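Trainee: I would like a close look at one part of this model. Please take me through its salt bridges.

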Amino acid sequence: MKSMEMKNLNPIPVRTWTWLGVNDISIEGGFITENADKSPVSYQWTNASDFSGILEPMNEERMKNSIFDTISYEGIGDKIQKHILEEYNGGFYIETKAGQKVLDPICANLTITEEQSQVVTNNAILARKGSEVTVIVGYQSETVKKAYHNCLTRIYCEKGATVNYIILQNLSKESIHLGACVAKLEEEASINYIIAELGAKESITNVRTDLQGNQSAVNMHTVYMGDKDRLIDMNYLIHHYGRETKSNMEVKGVLQDRCNKIFKGTLDFKKGSIKSVGSEEEYAVLLSDKVRNRSVPILLCTEEDVSGQHAASAGKIDENQLFYLMTRGLCEAEAKKLIIEGAIRPIIDRIPDEDTRDAIFEEIRRRLMDEE
C-alpha cells in the first residue's frame, strides 16, 4: 500500500528559529492513495431547495472556470493540493446570481464512513456582484476508526458580494483532517469565516484571504477544542492589497490533557494598501500542565499608512471564579464548562443556525466531561 509523505506541511510565511518547532508540521504515516475506495461521496444538503443560483457537485466543467485560475495558492502543501485537484471524490460548486441575497443558510453535511474512510473534497463558491450567501459545512465520522479527509475550498467574491462561510469539523479521534481554504475579494466585497475545530487526531488547517479590491474586508472567528494527544496546527494568512481594506482575526480555544496546538496568524500589508486596518487576537484556556501551546502572531508591512495590531495570550481558569460557581452547587466539571462557554459563546452565537450552535456546545461539554 503506497502512501503520500506528509512532511513539512503548512509552512509559516516567514521562517523563525527551527528549535521553536513552528515553521512547518509533519505527520507520521502518510495519506493513503492506493487500495482505497475512491467512489464518489455526497454532501447532504439542507435549505438548498430555495436557492435559485447554481448548486451542484463539483465536476470537470466547473473545474475549468477560469476565474479560479486567478487565485495562486499552495495551501497546506503542493502535493496535498495537487492530490485534491486531481483525485477528489467529493465536493460542491455554488454560484450565486448577481444581486441575489440568500437569507437562510445553506447547510451541507458530509459523513465519513468506515467503508469509505478516504475522502478528498474539492469545493468552490463564486459570489457574483452584489450578492450574499451563507454556507455552513459540517464534517463528521460515523466511526471512531481512522479516517482521512483532505479538503480545499476556493472562494471568489465579485464587487460588493458577501460570503459567510462556516465550518464545523468534528471527525473521529483517530482521523487526519487537512483543511485548506483560499478566498479572493474584489472591491467592497467581504467574507466572514466562523470555524469550529473540534475533532480529528491531527487537524491541519490553512486559510488565506486576499483583499485585492479597495474597501474589501474579512472577519475570521475560530473556536477550537483540543484534548487527549491531539495535534492542532492552524495557519491563517490575510493579505491586504487594496486601499482601505479591513481585517479582523479572533481565535479562542480550550486545551487539556496532552494536546499540542500551534497557531500561526499573519497580517500582511502589501504596497498600495493605504489606510488599511487589521487586527488579530488569539487566546487559549489551558486546563492541563501537560499541554503544549504555541502561538505566532505576525505582522508584515511594506506600506506606511496602515494600522495593524496583534496579540496572543494563554491562561488557566480563574480559581476564584471557579470556587464561586462551585459554592453555588455546581461540580468542578460543570463550573469549568460554564466559564469556558462564556468565553467562546460570542463566537458561536454568530452562527445563524441553532442546530449547529447546539452541536458545538454539546461536543465541548462532552469533551470537558471526558465522555467518549
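Trainee: What do the side chains of E341 and K337 meet in?

Mentor: They meet in a salt bridge, 2.9 Å from N to O. A salt bridge here is a side-chain nitrogen of Lys or Arg within 4 Å of a carboxyl oxygen of Asp or Glu. Before we go on, note that this is a predicted model: local features need pLDDT of at least 70, side-chain atom pairs count only at pLDDT 80 or more, and totals for chains, interfaces and linings use all residues. Residues are numbered from 1 along each chain as its sequence is written, and side-chain values use heavy atoms, with hydrogens and water left out.

Now look at where this pair sits. E341 and K337 are 4 residues apart in helix α4 (residues 332-348), so about one helical turn separates them. Helices are DSSP runs (H or I, at least four residues) and strands are too (E, at least two), numbered from the N terminus. Both E341 and K337 are buried. Buried means under 20% relative accessible area, exposed means over 50%, and partly exposed lies in between (1.4 Å probe, protein chains only).

Move on to helix α5 (residues 354-368). Here R366 forms a salt bridge with E363, and the closest N and O atoms are 2.6 Å apart. These two residues are 3 apart in the helix, so they too are separated by about one helical turn. R366 has 22% relative accessibility, so it counts as partly exposed. E363 has 8%, so it counts as buried.

E250 is buried, with a relative accessible area of 17%. K252 has 21% relative accessibility, so it counts as partly exposed.

How many salt bridges does the structure hold? The count is 20.
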